[in-house]
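Visitor: I have just opened this structure and would like to learn how to read it. Could you walk me through it step by step?

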Amino acid sequence: MKNLKFLILLFIMTDNSYSQTWTIYNTSNSGLSSNDIADFNIDKLDNKWIATYNYGLVKFDDSTWTIFNTSNSVLLSNNIYCCAIDTNDVKWFGTKIGLIKYNDS
């Protein structure tokens, strides 16, 4: 299941044309904090929210990678298992120690 989510992420983050161009993002060529992706979602501004096991949360706006973890945010755990975005663009993150609600609008 984890591999399927990673492949879906790669598909979404590639060019939507039919040119068969694939782009692989990993820790060696991007701002990802981990290659171990737990979940992802896309908000209304087309920001990609990527949950990782043990390395926090990553936001990618197609140019800048921002990492949120216990040392630079209110996250109490770097184990982010899932992320969801509701109709009001509020972000919800399931962690090892509870649920986090984040409203950046």
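Visitor: What should I know about the model itself?

Guide: This is a predicted model, in which local features need pLDDT of at least 70 and side-chain atom pairs count only at pLDDT 80 or more, whereas totals for chains, interfaces and linings use all residues. Residues are numbered from 1 along each chain as its sequence is written, and side-chain values use heavy atoms, leaving out hydrogens and water.

Visitor: How many helices and strands does the chain have?

Guide: Helices (H or I, at least four residues) and strands (E, at least two) are DSSP runs, numbered from the N terminus. Here there are 1 helix and 7 strands.

Visitor: What share of the residues is buried?

Guide: Of the 105 residues in the chain, 38% are buried. The accessible surface, computed by the Shrake-Rupley method with a 1.4 Å probe, is about 6,400 Å² for the chain, and carbon and sulfur atoms own 54% of that.

Visitor: Which strands make up the open sheet of 3 strands?

Guide: That sheet runs in the order E5-E6-E7, again with antiparallel pairing. E5 and E7 are the edge strands. E5 and E6 pair over 5 bridges, with Ile-85 opposite Lys-91 in E6. These two strands form a hairpin with 5 residues between them, and Asp-89 in the turn has a positive phi of about 65°. E6 and E7 (residues 98–102) also pair, over 5 bridges, and their hairpin has 2 residues between the strands. Across that pairing, Gly-94 stands opposite Leu-99 in E7. Strand E6 (residues 91–95) is mostly covered, with 4 of its 5 residues buried.

Visitor: Which residues form the largest nonpolar core?

Guide: In soluble globular proteins, nonpolar side chains tend to be buried together. A nonpolar core is a set of buried Ala, Val, Leu, Ile, Met, Phe, Trp, Tyr and Cys residues joined through side-chain atoms within 4.5 Å. The largest one here has 10 residues: Ala-38, Trp-49, Ala-51, Leu-57, Leu-75, Ile-80, Cys-83, Ile-85, Phe-93 and Ile-100. E2 and E5 (80–85) are the elements that give two or more residues to this core, and E5 gives the most, with 3 residues. There is also a second, separate core of 6 residues, including Leu-32, Ile-37, Ile-50 and Val-58.

Visitor: What does Ile-100 touch, leaving aside residues up to four places away in sequence?

Guide: Contact means heavy atoms within 4.5 Å. By that rule, and with those sequence neighbours not counted, Ile-100 touches Leu-75, Lys-91, Trp-92, Phe-93 and Thr-95.

Visitor: One last stop: where is Ser-33 found?

Guide: Ser-33 is in the loop between helix H1 (2–12) and E1. The side chain of Ser-33 reaches the backbone oxygen of Tyr-55 at 3.1 Å. Not counting residues up to four places away in sequence, Ser-33 touches Thr-27, Thr-52, Tyr-55, Val-58 and Ile-67.

Terms used:
Buried < 20%, exposed > 50% of the residue type's maximum accessible area, 1.4 Å probe, protein only. Pairing = 2+ DSSP bridges. Polar contact = N/O pair within 3.5 Å; in protein donor to acceptor, adjacent residues only side chain to side chain.
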